[in-house]
Amino acid sequence: QVQLVESGGGMVQAGGSLRLSCIASGVTFSRLRMAWFRQPPGKEREFVTQITYRDETTAYADSVKGRFTISRDNAKNTVFLQMNSLKPEDTAVYYCAASYNNYNPDYPYWGQGTQVTVSS
């Protein structure tokens, strides 16, 4: 059974940094495309970033480019999201997602989410 568990959320002042982690179990991690999504208060869930398996190609939402970095450690079944220069509008529940398909835009597997709050 696939399980994704996020950690690392919390409260930070604007301009600060946080590093989120997502540990996967019940998977062949090296064959998973991994992604981070977020859901701001009162808004729809939105794509943040993804990293493919094999060639580890990354993609970012325009709103986080240059501030957020996704990376993965296949030996630890973990994907990370380094968030720098945080802004109040980054406040959201952040979700880890996974797919065995490098090309289909859907993500069948999701974590429970971790709250990130950025104060001004």
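In this predicted model, Ala97 stands opposite Trp110 in strand E10. This pairing belongs to the contact between strand E9 and strand E10, which run antiparallel and are joined by two bridges. Strand E9 is mostly covered, since seven of its eight residues are buried.

A separate description applies to the open sheet. Four strands form this sheet in the order E1-E3-E8-E7, with antiparallel pairing. Strand E1 (3-7) and strand E7 (68-73) stand at the edges; each has a single partner strand, so one side of each is left without a neighbour in the sheet. On average, neighbouring strands of this sheet are turned by 15 degrees against each other, direction ignored. Within the sheet, strand E3 (residues 18-25) and strand E8 (residues 78-83) run antiparallel and are joined by six bridges. Leu20 stands opposite Leu81 in E8. As a general point, strands of a sheet pair through backbone hydrogen bonds, either parallel or antiparallel.

The largest nonpolar core comprises 27 residues, of which Met34, Trp36, Phe68, Val79, Leu81, Met83 and Tyr94 touch the most other members. Two or more residues of this core come from each of E3, strand E4 (33-39), strand E5 (46-51), E7, E8, strand E9 (92-99) and strand E11 (114-119). In soluble globular proteins, nonpolar side chains tend to be buried together.

The aromatic side chains may be considered next. The count of aromatic pairs comes to five. The rings of Phe37 and Phe47 have centres 5.6 Å apart and planes at 80 degrees; because planes over 60 degrees apart count as edge-to-face, the pair is edge-to-face. Phe37 lies in strand E4 and Phe47 in strand E5, so this pair ties together parts that are 10 residues apart in sequence. How do the two residues stand in terms of burial: is Phe37 buried or exposed? With a relative accessible area of 12%, Phe37 is buried, whereas Phe47, at 30% relative accessibility, counts as partly exposed.

Phe37 also forms an edge-to-face pair with Tyr107. That pair links distant parts of the chain, 70 residues apart, with Phe37 in strand E4 and Tyr107 in the loop between E9 and strand E10 (109-110). Phe37 and Tyr107 are both buried. Ring pairs link Phe37, Phe47, Tyr107 and Trp110 into a cluster; Trp110 is also the residue of E10 that stands opposite Ala97. The two ring pairs of Phe37 are set out below.

| Ring pair | Centre to centre | Angle between planes |
|---|---|---|
| Phe37 and Phe47 | 5.6 Å | 80 degrees |
| Phe37 and Tyr107 | 5.5 Å | 75 degrees |

Two arginine residues are placed over aromatic rings. Arg19 lies over the face of Phe80, at 4.0 Å from the ring centre. Arg45 lies over the face of Tyr95, at 5.6 Å from the ring centre.

Notes:
Residues are numbered from 1 along each chain as its sequence is written. Side-chain values use heavy atoms; hydrogens and water are left out. Two strands pair if DSSP finds at least two bridges between them. Axes are lines fitted to C-alpha atoms, for helices over the stretch in contact, and angles run from 0 to 180 degrees between N-to-C directions. A nonpolar core is a set of buried Ala, Val, Leu, Ile, Met, Phe, Trp, Tyr and Cys residues joined through side-chain atoms within 4.5 Å. Buried means under 20% relative accessible area, exposed over 50%, partly exposed in between (1.4 Å probe, protein chains only). Rings of Phe, Tyr and Trp (its six-membered ring) pair if their centres lie within 6.5 Å; planes under 30 degrees apart count as stacked, over 60 as edge-to-face and the rest as tilted. A charge sits over a ring if NZ of Lys or CZ of Arg is within 6 Å of the ring centre and within 35 degrees of the ring normal.
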